[in-house]
Amino acid sequence: MNEFFTLMKSELVITAIIFLLLFIKIGKGMKNDSLLSLVQALLLINFIVGFFFNKEGNLFGDMFYTSSLIVFQKNILSLGVYLISLLCSDWLKKTEHLPEFFILMLSALLGMFLMISSGNLLIFYLSLELATIPVAAMANFDLHKKRSSEGAMKMILSSAFSSGILLFGISLIYGITGTLSFAAIPGQLDGSTLQILGFVFLVAAFAFKLSIVPFHLWTADVYEGSPVAVTAFLSVISKGSIAFIFITALYKVFAPMQDVWYMMLVIFAIITMVIGNLFAIRQQNIKRFLAFSSIAQVGFILVGMSSGSNIGITAVVYFILIYTFSNLAAFGVAAVIAEQTGKENIDDYKGLYKTNPFLCWILALALFSLAGIPPTAGFFGKLFLITAGATKASFTFIIIAALNMIISLYYYLRVIRAAFMDKNESPIGKIKLGIAVKLGLIICAAGILLVGLFSWIYDYINSLS
Amino acid sequence: MEPGLYHILFLSTALFFIGVYGFLTRRNLITMLMSIELILNSVNLNFIAFNKYLWPNQMDGLFFSLFIIAIAAAEAAVAIAIIINLYRSHNSIDVENAEDLKY
């Protein structure tokens, strides 16, 4: 019984917060301001609890599995949700249904936690649905905006379709191996054609959720339509959790099929990086721009993933930690500006440096980190991903990845040029930053600068994987 | 002749691809949702057939299909709520009319 509480502590804390919010909603209700501060405090507690009572073990007959690495991954996700609640507080204070928003967001987070520690295809499927259905409802949270409902419609239809494909793949794998447990499947795999077919269906579903290129079409529309808080959640937390479970699925469950998925990842990585970069160049809306840039980042994650060894796991987890900080900083700046002025186009950012130097520096830092320029942590993240890819890959593949980093510089620097150098007759006015937003931006900036410089963080992740 | 595993697999695979075809060609949101239900039902058939013919000792497949039915209901509920909201703003449930977001 004691083991139950220590192993499932993250899930239990989240569930407790969800119930507390439900009771607040049913009862008297609270003013948005005080409720938001309460939720921020609870999320901080949730993040801190993640560091204590770490144990490794199984529950429910191998259905649930946890280890230090999985706890670390959960901590990254908790930190991301805490930062979102800080960065988007301007928008959150104005929404009519604040408790519902957090109930949906935390249910999705609970689903992601269960998904990362799942040890069985059944619990994996259930938690994947728990992680996607609430997000579709969240995407529709600007109820009166046409674009929000259109984005939500695209999200629910494509995610339902992709889970249908996932299920078909799972059913084929069940038919061949006769088991659903992650531990028992690898022993049954011998690389027959039907197994590869089932595996391809499974990977296609993962590619949908991770927006790898031939399956990425929903991404930009959903990102543009949803409120910025939801976009940030989708691009960082959702992506991160799917990447974690994808790596488990490939390295543990489908380890005997490494030859098959190695080539698959190489091809996916190349087209994802190229298409993501080329489409990002022509975007005008900052949210769409960040959507395509996040697609390109997924391409880089795949480069690291293709290594198939522990170096790959370390590099991907380390990169996602950095990506959380840098992408959330960029979204935080976009959220503040969109909420106070309603402007979302890159051209509107011209002359931002004259009026809002602080925001501008944070934006520059975030974009430099996403592009991978040395003093920021993004450089080290990319470096380790490409090193991990180089342990296995042919050098053409690595050269293509490096060339894509150069292409990505062009469009990241375009935004920075607009903000710092371009002249504008009527730039965005002085923007008032609340304490919460400021705190969130400073945490992100500190993360971007420090994670790369402290080598023990990488060593720590390396010791876990 | 007794129907065997192959007959059921043929049926379920045909159902799956009919669902995919319907999802890709139909333009009415409710019909697209129905196509997804077809896909999920074909998967249910698959699980039950595999369980009965190949692995009759455990009940894994049977329970999986029960969970799929429950999840499909939840998914349809959220999807229909979103479609109703879309109808309020667009006055139509045709995907061709929801085209503000492009490229």
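Here are some friendly notes on this predicted model of chains A and B.

1. **Ground rules.** Residues are numbered from 1 along each chain as its sequence is written, while chains are lettered from A and ligands numbered from 1 in the order in which they are written. Because this is a predicted model, local features need pLDDT of at least 70 and side-chain atom pairs count only at pLDDT 80 or more, whereas totals for chains, interfaces and linings use all residues.

2. **Confidence in chain A.** The predictor's confidence in each residue is pLDDT, on a scale from 0 to 100. Chain A averages 87, with 100% of its residues at 70 or more. Among the elements of chain A, the lowest mean pLDDT, 80, belongs to helix 1 (residues 2-7), and the highest, 92, to helix 7 (residues 121-139). Helices here are DSSP runs (H or I, at least four residues), as are strands (E, at least two), and both are numbered from the N terminus.

3. **Confidence in chain B and the complex.** For chain B the mean pLDDT is 88, and 98% of its residues reach 70 or more. Helix 3 (residues 60-90) of chain B has the lowest mean there, 90, and helix 2 (residues 29-53) of chain B the highest, 92. As for the complex, the predictor gives an ipTM of 0.93 and a pTM of 0.92.

4. **Overall build of chain A.** You will find 21 helices and two strands in chain A. Its radius of gyration is 21 Å, close to the 23 Å that the globule rule gives for 465 residues, so chain A is as compact as a globular protein of that length. (The radius is taken over C-alpha atoms, and the rule is 2.2 Å times the number of residues to the power 0.38.) Along the principal axes, the C-alpha atoms of chain A fill a box of roughly 65 × 60 × 45 Å. Of the 465 residues, 58% count as buried, meaning that 20 or more other C-beta atoms lie within 10 Å of the residue's own; exposed means 12 or fewer, partly exposed is in between, and C-beta atoms are placed from the backbone.

5. **Overall build of chain B.** Chain B has three helices and zero strands, in the order α-α-α along the sequence. Its radius of gyration is 17 Å, whereas a compact globule of 103 residues would have one near 13 Å. The C-alpha trace of chain B spans about 50 × 25 × 25 Å along its principal axes, and 30% of its 103 residues count as buried.

6. **Contact range.** Two residues are in contact if their C-beta atoms, placed from the backbone, lie within 7 Å. Taking contacts between residues at least 6 apart in sequence, 81% of those in chain A join residues at least 24 apart. For chain B, the corresponding share is 47%.

7. **The nonpolar core.** A nonpolar core is a set of buried Ala, Val, Leu, Ile, Met, Phe, Trp, Tyr and Cys residues joined through C-beta atoms within 7 Å. The largest one has 197 residues, and those with the most contacts inside it are Leu109(A) and Ala329(A). Helix 15 (residues 310-341) of chain A gives the most to this core, with 21 residues. Leaving aside neighbours within four places in sequence, Leu109(A) is in contact with Ile14(A), Leu77(A), Val81(A) and Ile237(A).

8. **The interface.** Here, 30 residues of chain A are in contact with 32 residues of chain B. On the chain A side, the elements that give two or more residues are helix 7, helix 8 and helix 11 (217-225). Helix 8 of chain A provides the largest share, 17 residues. The chain A side divides into 16 nonpolar, eight polar and six charged residues; Ala, Val, Leu, Ile, Met, Phe, Trp, Tyr, Cys and Pro count as nonpolar, Asp, Glu, Lys and Arg as charged, and the others, Gly among them, as polar.

9. **Helix 8 of chain A.** With 28 of its 32 residues buried, helix 8 of chain A is largely enclosed by the rest of the structure. Gly178(A), with a positive phi near 75°, follows this helix. Glu150(A) sits in helix 8 of chain A and is buried, with 27 other C-beta atoms within 10 Å. Leaving aside neighbours within four places in sequence, the contacts of Glu150(A) are Gly225(A), Leu86(B), Ala98(B), Asp100(B) and Leu101(B).
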